[in-house]
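Grab a pencil and work through these exercises one at a time. Try each task yourself before you read its solution.

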Amino acid sequence: MSVRLKVTKALLKKEFLDFRRDAAIFSSLLILTLAFGVVLPALLLVLLRSPQAEQQIDRLGALGEELLSGVGPGMADPSVAFAHLLIGKLFAPAFLLIPVIAGSTLAASSFAGEKSERTLEGLLFSPASPRELVLAKVLASLVPAVLLSWLTVSIYLTTVLALGR
């Protein structure tokens, strides 16, 4: 059984139009982007510039020294080394969560929207095959999730570069 691209493209277009009409999806993805891209790095950089930051890092003791030893040579200031550790090493894997969160939010909203609007039955009886339906729904969740993660990383890097000076 082959996939008809014209049918899949039409279903994909329908999904994107449905996403644009749903303010709850848009606002939840906007909050996710702002939280990971602006709030977390800005909060971290502000906290690390406080006078108590070096004392807090010193309290970590041996654990702090072990964590900071792998950061890199030439970083004599512990708060700069700790910021490099958090921003460069610990926050980076968090960006792997963005496509997962966004994709699952979009996919769940897609199926829930079909059921709540009572269009699921009509969609199942349409000439589109189940394979085409699933492919369109997967692509409709995957593409915005990947684009959102790229956007969030760009905003994150811009925030870090702007506030890190």
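**Exercise 1.** Work out how much accessible surface the protein chain has, and what share of it belongs to carbon and sulfur atoms.

*Solution.* Keep in mind that this is a predicted model. Start with the total: the accessible surface of the protein chain is about 10,600 Å². Next comes the share, and carbon and sulfur atoms hold 71% of that surface. Now look at the residues: the chain has 165 of them, and 33% count as buried, meaning under 20% relative accessible area.

**Exercise 2.** Describe the secondary structure of the protein chain, then its contacts.

*Solution.* Count the elements and you get eight helices and zero strands. Walking along the sequence gives α-α-α-α-α-α-α-α. For the contacts, take those between residues at least 6 apart in sequence: 81% of them join residues at least 24 apart.

**Exercise 3.** Take helix α2 and find its span, its bend and its buried residues.

*Solution.* Helix α2 covers residues 23–48, which is 26 residues. From first C-alpha to last it reaches 36 Å, close to the 38 Å expected at 1.5 Å a residue. Now check the direction: α2 bends by about 40 degrees at Ala35. Finally, list the buried residues of α2, among them Ile25, Leu29, Phe36, Pro41 and Leu48.

**Exercise 4.** Find out which element gives the most to the lining of the largest pocket.

*Solution.* First, the pocket itself: the largest one has a volume of about 290 Å³. It is lined by 13 residues, and the closest to its centre are Phe19, Ile25, Phe26, Leu29 and Pro144. Two or more lining residues come from each of α1 (5–21), α2 and α8 (130–163).

Conventions: Residues numbered from 1 in each chain as written. Predicted model: local features only at pLDDT ≥ 70, side-chain atom pairs only at ≥ 80, totals over all residues. Heavy atoms only, no water. Helix = DSSP H or I, 4+ residues; strand = E, 2+ residues; numbered from the N terminus. Expected span 1.5 Å × (residues − 1). Bend = angle between axes of the 7 residues up to and from the residue. Buried < 20%, exposed > 50% of the residue type's maximum accessible area, 1.4 Å probe, protein only. Contact = heavy atoms within 4.5 Å. Areas by Shrake-Rupley, 256 points an atom, 1.4 Å probe, with all protein chains shown as cover. 1 Å grid on protein atoms, 1.4 Å probe; cavity = no way out; pocket = protein on both sides within 12 Å on 5 of 7 lines; lining within 4 Å. Points joined across faces, edges and corners; volume = space filled by probe spheres on them.
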